[in-house]
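Please keep the sequence and the structure in view while reading.

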Amino acid sequence: MKNPPEEENIRTGTSPEILAQAILDNLHYVQGRLPELASKNDWYMALAYTVRDRLLHNWVQTLKAIRQDVKVVSYLSAEFLIGPQLGNSIFNLGIWEQVREAVAQHGFTLEELLEQEGEPGLGNGGLGRLAACYIDSLATLEVPAIGYGIRYEFGIFDQEIRDGWQVESTDKWLELGNPWELSRAEIAYQVGWRGFVETYNDLEGHQRRRWIPGRVAKGKAHDYLVPGYRNRRSNLLRLWVAEAVESFDFADFNLGDYYGAVQEKVYSENVTKVLYPNDEPEVGKRLRFGQQHFFVSCSLQDMIRIHLLRGKSLDSFHESFAIQLNDTHPAIAVAELMRLLVDKFLIPWEEAWEITRKTLAYTNHTLLPEALETWPLALFAEYLPRHLEIIYEINRRFLDEVRLKYPLDDDRLQRLSLIDENGDKSVRMAHLACLGTHAINGVADLHTELLKQTVLKDFSDLWPEKFLTVTNGVTPRRFMVLSNPSLTGLITRTIGPAWIKNLEELRRLEEFAGDSEFQRDWRAVKLANKKALAAAIKKRTGIIVNPASLFDIQVKRLHEYKRQHLNVLHIITLYNRLKHRPSLEIAPRTFIFGGKAAPGYFMAKLIIKLINSVAQVVNHDQDLNDRLKVVFFPNFNVKNGQLVYPAADLSEQISTAGKEASGTSNMKFAMNGALTIGTLDGANVEIREEVGPENFFLFGLTAQEVQSLKTGGYSPWNYYQDDGELKEALDLISSGFFSHGDRDLFRPLVNSLFGQDEYLVLADYRSYVDRQEEVGRIFRDDKRWTRMSILNVARMGKFSSDRAIREYCQHIWKIKLLG
């Protein structure tokens, strides 16, 4: 090993020699290992601590540079799907080659140590990944920010496929240690549940209400550092862990009650034990409800502590913090901030309400009424009695205002009320979020318009100025540069590196879209990425696929509205065509699926079974001569996504129009050169506008046509009877052809399509299949397909999370960016 330069600090230096020495030091003094006895995980941990030292140095410098009057963004999210940290941190620090050289001095490649890192179990789907992209962009744009969430002990679950079915196993992501977190034992807050509320007189004789919780847990901070791109800046992701205030009852232990002695510890720690517990049973609902209140309360108490440390009074709290609620999960923040201000700090109600509304803003992520969270009134009354009182008072004052504006309109009052009086009464959390915030944003133009026309129409009528759009974006640092280094190299050699921080620079690629040499290099990059994915598919599933085939990919959470089963119907249609006409010329295709179904969502799990059952038949049918292959890639996550997105030729974005708020996988695929087949749903609309209609395979009904068809009386049976290929595909499923003769296995799925077909799979089938035929035809024209691919990448500048954060800063948080 070479000697490091004398002037470099072992904790902050970045030469290969100093990094190699730092790795060895951390192996000795942190891991406590001798090099000759160290495992690969020991070496990974030593490297991670070495990188973390540099992040910490940047974070300390960042803290020193922040002025006392600077507004801090607080991003509240129930999940942060941050993905593996090592590669992202090395890249953002700008020390990739130095680290590669340093680990080589210890006999390793950087790639094998990167592979050693697991996936942090802190998020699940697009909501959590969006939050992670945004905290990346906040750091890159040098906006002081703290992400607040939960440090789950176990992730949602690891997905295995057994006999074609999804099987869930525990995601023990912390099992081998986590070098990226800093435990802050002294930053802890008490959070209460249950108990009762009493009236008392304060020192000035004013009558007040006071909550006496029946149970109390302690929330302890665990910090992660979020590096900006090559700007020596680190922001903070602060996640809360629940602990017992008193973890061991010595009196119970002495009496022989060993379980009772630790009962409080078990109860408290369960709050942050697992990401999104199955909320089908009542106990799951209660736990999820408790999780939301827990992390919101800890976060607000932390912000108030920081604000007071700055020497400021709470009447200027909104000048210190801009709090963004990432969907309805943190909506309890409205009531909790009011409770803290009114009950703890004795601020008058009207003043507290003004502070609350000026501080909070709300991002809505769904158009599905069932996904707009509501909590039973009885649950609120039992667990958060004081919060329910506050919600009642907010509601009383609000409805009085509504009556003045809309006299004698009882229906409107019922619709706007925070309390849903129908059936078992419940609290409408999206209503609370709308009422207690100063801004409400959708995440795509179409999404915002549909919000204003449907689920939030009454609020839009009342406060049209509060509604705006901030179209989602993703970070190009992770999803292009880190995931697709070959494409990054080609682009950077062609137009320079400025695009990494300003994605609009990709427009300069347009002039090379028809260049034959550039096209050849582009195809070579794509083929190499497809070969890498093909190797991973073989290793994990045993299925051999042809990298030269069209990689047709749909990876996302399993849900009926995302219509993975429409994709399957197309596969069966192609299969039938090839069986009827063996000489039919088609572009060979590899259909790749990935994504998890919620443990309690039977129909989604049945769709996974159908995909794997169709794969079993198609992949072993010799008549097809390997022209079709079907793969379900298990346990899809950020790490696997970094392998999948660069390899895609075709991106499936086929949700029913009007159901997807935005989507972000559509952006990740397109940034990596995949063409999109999709409906006019979510951000697909804007992607199509940007890349050009001629470079987007559009099909299906529009949101308005969907509504009209349903209103006019949709009959899926008629579509089945009138389309021979659709009938043949569904009959094949019903006959037991894909289920070893078992006609009952897929009956629930087929019956749902014949009966209601809530998401209009049969109505969109013919348009989809016809468009797919065009996809296959164009794919066989290398030059045309490659040109379309290049133009897709060149025109994706709008969909950077950097652009989204700039818009939040300008329109919602009122923060002026540097530069």
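How many residues lie between S8 and S9 in the hairpin that they form, and which residue in the turn has a positive phi? There are 6 residues between the two strands, and the residue in question is Arg 230, whose phi is about 50°. The model is predicted, and the points below are grouped by topic.

**Strand S9 and its partners**

- Strand S9, which covers residues 234-244, is mostly covered, with 10 of its 11 residues buried.
- S8 and S9 run antiparallel and are joined by 11 bridges, and within this pairing Leu 225 has Leu 236 in S9 as its bridge partner.
- Strand S2 (residues 145-150) also pairs with S9, here in the parallel sense and over 5 bridges, and Ile 150 has Trp 240 in S9 as its bridge partner.

**Cavities**

- A search of the whole structure finds 5 cavities of 30 Å³ or more, and the largest cavity has a volume of about 130 Å³.
- The largest cavity is lined by 15 residues, of which Ile 82, Gln 85, Asn 88, Ala 132 and Val 226 are the closest to its centre.
- Helix H3 (86-93), helix H6 (126-140) and strand S8 (215-227) each supply at least two residues of this lining, which by class has 8 nonpolar, 4 polar and 3 charged residues.

**Salt bridges**

- Side chains of opposite charge can pair when their charged atoms come close.
- The count for the model comes to 68 salt bridges.
- Asp 42 forms a salt bridge with Arg 33, with the closest N and O atoms 3.1 Å apart; Asp 42 counts as buried at 7% relative accessibility, whereas Arg 33 is partly exposed at 39%.
- Lys 639 and Glu 115 meet through their side chains in a salt bridge of 3.9 Å, N to O. Because Lys 639 lies in helix H25 (residues 638-644) and Glu 115 in helix H5 (residues 110-116), the pair ties together parts that are 524 residues apart in sequence.
- Of these two residues, Lys 639 is partly exposed, with a relative accessible area of 22%, and Glu 115 is exposed, with 53%.
- Arg 412 and Asp 461 also meet in a salt bridge (3.9 Å, N to O), and this pair links distant parts of the chain, 49 residues apart, with Arg 412 in helix H16 (residues 410-416) and Asp 461 in helix H19 (residues 457-462).
- Arg 412 is buried at a relative accessible area of 13%, while Asp 461 counts as partly exposed at 32%.

Notes
Residues are numbered from 1 along each chain as its sequence is written. This is a predicted model: local features need pLDDT of at least 70, side-chain atom pairs count only at pLDDT 80 or more; totals for chains, interfaces and linings use all residues. Side-chain values use heavy atoms; hydrogens and water are left out. On a 1 Å grid over the protein atoms alone, a cavity is a set of points where a 1.4 Å probe fits but cannot get out, and a pocket is an open set with protein on both sides within 12 Å along at least five of seven lines; lining residues have an atom within 4 Å of a point. Grid points are joined across faces, edges and corners, and a volume is the space filled by probe spheres set on the points. Helices (H or I, at least four residues) and strands (E, at least two) are DSSP runs, numbered from the N terminus. Ala, Val, Leu, Ile, Met, Phe, Trp, Tyr, Cys and Pro count as nonpolar, Asp, Glu, Lys and Arg as charged, and the others, Gly among them, as polar. Buried means under 20% relative accessible area, exposed over 50%, partly exposed in between (1.4 Å probe, protein chains only). Two strands pair if DSSP finds at least two bridges between them. A salt bridge is a side-chain nitrogen of Lys or Arg within 4 Å of a carboxyl oxygen of Asp or Glu.
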